[in-house]
Amino acid sequence: MPEIKELVKDLADQHGRNRESLLPILQGIVKKKRHVSENAMVEVARELDMSAALVYGTATFYSFLDTEPRGKYVIRLCRTITCDMHGKKEIMDTLKDLLKINVGETTKDNRFTLLETNCLGWCHKGPAMLINEKPYTELTPDKVSEIIEEYLKQEIE
Ligand code: FES
């Protein structure tokens, strides 16, 4: 895949080719491609001259480094105890209803992926979720509907 090869090379030129460069390179791939494919991992290993196992281990260790194709907007709802106690379940049900998908799934138009994640650091304002890098806090079903509606107005490529 020449396209991935080029992307990995550009990222390596930018971040370097040592072990510390691995994470920013993988993040760069996710940003551009929405996930790190197996092909991409092999390419990173080749470009950085390290074992594919190390690249795979790093990519799969961080839950924020998606190794499966994701939608344009990745929703990560906090599943940790404080958000749980503040009504996370109701928020999840609302999201599932609105998007017509379950956790781990992506909408048919590739617009949204719904995931759960560990504490996002917004426990005092739970329930909390991230859409890509943007945090949303003190969620209620109404607030979630409004947020999703706003995203639905945006173009998808
Ligand atoms: S418990 Fe949900 S953000 Fe910390």
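These are my notebook entries on one predicted protein model.

**Ground rules**

I treated the model as predicted: local features need pLDDT of at least 70, side-chain atom pairs count only at pLDDT 80 or more, and totals for chains, interfaces and linings use all residues. Residues are numbered from 1 along each chain as its sequence is written, and side-chain values use heavy atoms, with hydrogens and water left out.

**Entry: the whole chain**

I began with the elements. The protein chain has 7 helices and 4 strands. I took helices (H or I, at least four residues) and strands (E, at least two) as DSSP runs, numbered from the N terminus. Their order from the N terminus is α-α-α-α-β-α-α-β-β-β-α.

Next I looked up the overall dimensions. Along the principal axes, the C-alpha atoms fill a box of roughly 50 × 30 × 25 Å. Of the 157 residues, 40% are buried. Buried means under 20% relative accessible area, exposed means over 50%, and partly exposed lies in between (1.4 Å probe, protein chains only).

I also checked contacts along the chain, where contact means heavy atoms within 4.5 Å. Among contacts with a separation of 6 or more, 63% join residues 24 or more positions apart.

**Entry: Ala 12**

I looked up Ala 12 in helix H1 (residues 2–15). Ala 12 is buried, at 0% relative accessibility. Leaving out residues up to four places away in sequence, Ala 12 touches Arg 17, Ile 25, Glu 47 and Leu 48.

**Entry: Asp 66**

Is Asp 66 buried or exposed? I found Asp 66 buried, with a relative accessible area of 2%. Asp 66 lies in the loop between helix H4 (52–61) and strand S1 (73–78).

I then looked for a side-chain partner. The side chains of Asp 66 and Arg 76 form a polar contact of 3.1 Å. For a polar contact I required a pair of N or O atoms within 3.5 Å; within protein, one must be able to donate a hydrogen and the other to accept it, and residues adjacent in sequence count only if both atoms are side-chain atoms. Beyond four places in sequence, Asp 66 touches Val 30, Arg 34, His 35, Val 36, Val 74, Arg 76 and Leu 115.

**Entry: Lys 88**

Lys 88 sits in helix H6. I noted Lys 88 as buried, at 12% relative accessibility. Which side chain makes a polar contact with the side chain of Lys 88? The partner is Glu 116, at 2.9 Å. Leaving out residues up to four places away in sequence, Lys 88 touches Leu 77, Cys 78, Arg 79, Cys 83, Glu 116 and Pro 127.

**Entry: H6 against H7**

I looked at one helix pair. H6 (residues 88–99) and H7 (residues 141–153) pack at an angle of about 35°, with their axes 9 Å apart. The axes are lines fitted to C-alpha atoms, for helices over the stretch in contact, and angles run from 0 to 180 degrees between N-to-C directions.

From H6, the contact uses Glu 90, Ile 91, Thr 94, Leu 95, Leu 98 and Leu 99; from H7, it uses Pro 141, Val 144, Ser 145 and Ile 148. I sorted the H6–H7 contact by class and got 7 nonpolar, 2 polar and 1 charged residues. In this scheme Ala, Val, Leu, Ile, Met, Phe, Trp, Tyr, Cys and Pro count as nonpolar, Asp, Glu, Lys and Arg as charged, and the others, Gly among them, as polar.

**Entry: backbone checks**

Most residues other than glycine have a negative phi, and most peptide bonds are trans. I looked for exceptions.

The peptide bond from Gly 126 to Pro 127 is cis, with omega near -10°. Pro 127 is in the loop between strand S2 (112–117) and strand S3 (129–131).

Asp 49, not a glycine, has a positive phi of about 55°. I placed Asp 49 in the loop between helix H3 (38–48) and H4. Asp 49 is exposed, with a relative accessible area of 73%.

Asn 132 also has a positive phi, near 50°. Asn 132 is in the loop between S3 and strand S4 (134–136). Asn 132 is partly exposed, at 30% relative accessible area.

**Entry: cysteines**

How many disulfides does a search of the whole structure find? I got 0 disulfides, with a disulfide taken as a pair of cysteine sulfur atoms within 2.5 Å. Cys 119 is partly exposed, at 39% relative accessibility. Cys 123 is partly exposed, at 28%.
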